[in-house]
Amino acid sequence: MRFDSLLDSLGGTPLVGLPRLSPSEDVRLWAKLEDRNPTGSVKDRPAFYMIEKAEKDGLLTPGCTILEPTSGNTGISLAMVAKLRGYRMVCVMPENTSAERRQLLEMWGARIISSPAAGGSNEAVRVAKGLAAENPDWVMLYQYGNEANALAHYETTGPEILADLPSVTHFVAGLGTTGTLMGVGRYLREQVPDVKIVAAEPRYGELVYGLRNIDEGFIPELYDDSVLTTRFSVGSRDALRRTRELLEQEGIFAGISTGGALHAAIGMAAKAVKAGERADIVFVVADGGWKYLSTGAYGGTLEEAEAHLEGQLWA
Amino acid sequence: MAIEVRIPTILRNLTDGAKAVEGKGGTLDELFADLDTRHPGLRARLVDDKGLRKFVNVYLNDEDVRFLGGLETAVSDGDGVTILPAVAGG
């Protein structure tokens with residue numbers, strides 16, 4: 001395949017079957033390898049769409065500064081596009097994210113402002129909103145509420161999946177900004193009767209939920225629960241176990257949130273087997289495992305790996 | 001046997017610091033009412049007159065109860081219920 005530039009090569013990622021992890025010939029699991037994007041994550045799609053849209057709307061002009069609260073992947077994608085398009089990039093990132101993410105952001109020229117570990121991404125959003133108010137000339141693309149985030153998946157990821165697997169019955173992805181699930185979910189619901197859209201939400205250690213008040217929670221503006229069939233909370237133990245299974249059984253080296261999505265996908269597969277129904281279950285490999293090597297996720301016992309992840313934002 | 005309910009840090013002032021408490025009931029609503037007899041005020045932090053509070057997520061055996069039956073979701077001995085505040089991802 002030949003492309004005019006790196007950005008032109010975005011998307012068009014492989015959908016690969018999992019012959020060993022699939023329970024039967026009638027109930028099959030399929031991995032959408034989103035790590036095969038320019039910066040190595042699914043976030044390249046929304047980052048490119050959000051910047052393109054802001055340019056079209058006249059919000060972004062040469063020399064502008066982009067501001068974004070991000071636990072990593074979105075920031076990395078935005079930093080890459082920003083570098084190519086001549087924008088400055090400022091990321092607000094919780095301090096409890098992996099060292100590799102920081103290194104990658106700096107490599108693509110982003111400036112990082114740390115937000116407190118306690119409160120996780122909620123705090124990053126709060127700090128970023130404060131900075132946006134103090135710096136009115138900065139452009140916050142705001143992945144949690146930017147329709148272009150979900151639109152990227154509605155226009156690209158969803159159609160790619162359906163073209164490769166017209167018999168798709170389930171779509172499973174991690175729940176963060178909710179953009180992947182909203183975009184692919186809406187598209188598939190329009191095209192595939194009775195398709196099931198399943199969210200796998202990471203459940204972190206306690207520190208991350210350290211809000212001052214339960215009324216200070218956060219729900220992304222993009223989130224519309226009518227798009228989902230159901231939603232699972234996946235703890236770090238199950239996510240790690242599945243991440244390792246994916247590596248050992250199928251050879252796929254994925255990040256930890258992918259293990260969470262796989263866990264939900266395997267749960268849906270078990271339900272289909274029990275009900276005697278056929279199923280083609282697609283789940284998203286959001287990124288590769290490279291950025292998480294320093295977290296200890298891939299070595300030692302599961303207990304040790306789980307202990308290393310305590311207090312980390314692993315998705 | 002009973003139903004184990006995992007309590008988030010910010011509500012442990014109502015459970016004497018306990019990370020998990022046990023209760024009984026046929027539905028989630030009954031379970032919360034039962035918990036409230038031993039941990040007064042807990043139910044009001046989870047539920048308002050419209051149902052589950054906006055930023056409260058409740059999971060029955062890891063599945064979000066909003067996609068099951070909300071407060072009317074059936075629960076039984078041996079189930080695990082987890083309460084968490086809604087947080088951002090991404």
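Domain bounds are those of an automatic or database domain assignment. In this predicted model, the assignment divides chain A into domain 1, comprising residues 7-36 + 157-302, and domain 2, comprising residues 44-140. The C-alpha centres of domain 1 of chain A and domain 2 of chain A are separated by 24 Å. Contact between them involves 18 residues of domain 1 of chain A and 17 residues of domain 2 of chain A. On the side of domain 1 of chain A that touches domain 2 of chain A, 10 residues are nonpolar, 6 are polar and 2 are charged.

Helix packing was examined in chain A for helix 7 (residues 236-250) and helix 8 (residues 256-275), whose axes lie 7 Å apart at an angle of about 95 degrees. Because angles of 65 to 115 degrees count as roughly perpendicular, helix 7 of chain A is placed roughly perpendicular to helix 8 of chain A. Helix 7 of chain A contributes A:Asp238, A:Ala239, A:Leu240, A:Arg241, A:Arg242, A:Thr243 and A:Leu246 to the contact, and helix 8 of chain A contributes A:Ile256, A:Ser257, A:Thr258, A:Gly259, A:Gly260, A:Leu262 and A:His263. By class, the residues of this contact comprise 5 nonpolar, 6 polar and 3 charged.

In chain B, the buried residues of helix 1 (residues 28-38) include B:Leu28, B:Leu31, B:Phe32 and B:Leu35. Viewed down the axis of helix 1 of chain B, the buried residues fall within an arc of 95 degrees and therefore line one face of the helix. Among the elements of chain B that cover these residues are strand 1 (3-6), strand 2 (20-23), helix 2 (42-46), strand 3 (47-48), strand 5 (56-60) and strand 7 (80-85).

The loop between strand 2 and helix 1 of chain B contains B:Gly25. This residue, B:Gly25, has 17 C-beta neighbours inside 10 Å and so counts as partly exposed. Apart from residues up to four places away in sequence, B:Gly25 touches B:Glu30, B:Leu31, B:Ala33, B:Asp34 and B:Val75. The C-alpha atoms of B:Gly25 and B:Leu42 lie 16 Å apart, with the two residues 17 residues apart along the chain.

The contact between the chains takes 34 residues from chain A and 21 residues from chain B. Strand 5, strand 6 (63-64) and strand 7 of chain B each give two or more residues to the side of chain B that touches chain A. Strand 7 of chain B supplies the largest share of that side, 3 residues. The side of chain B that touches chain A consists of 12 nonpolar, 4 polar and 5 charged residues.

Definitions and conventions
Residues are numbered from 1 along each chain as its sequence is written. Chains are lettered from A and ligands numbered from 1 in the order in which they are written. This is a predicted model: local features need pLDDT of at least 70, side-chain atom pairs count only at pLDDT 80 or more; totals for chains, interfaces and linings use all residues. Axes are lines fitted to C-alpha atoms, for helices over the stretch in contact, and angles run from 0 to 180 degrees between N-to-C directions. Helices (H or I, at least four residues) and strands (E, at least two) are DSSP runs, numbered from the N terminus. Angles under 35 degrees count as roughly parallel, over 145 as roughly antiparallel, 65 to 115 as roughly perpendicular and the rest as oblique. Two residues are in contact if their C-beta atoms, placed from the backbone, lie within 7 Å. Ala, Val, Leu, Ile, Met, Phe, Trp, Tyr, Cys and Pro count as nonpolar, Asp, Glu, Lys and Arg as charged, and the others, Gly among them, as polar. A residue is buried if 20 or more other C-beta atoms lie within 10 Å of its own, exposed if 12 or fewer, and partly exposed in between; C-beta atoms are placed from the backbone. The arc is that of the directions from the helix axis to the C-beta atoms.
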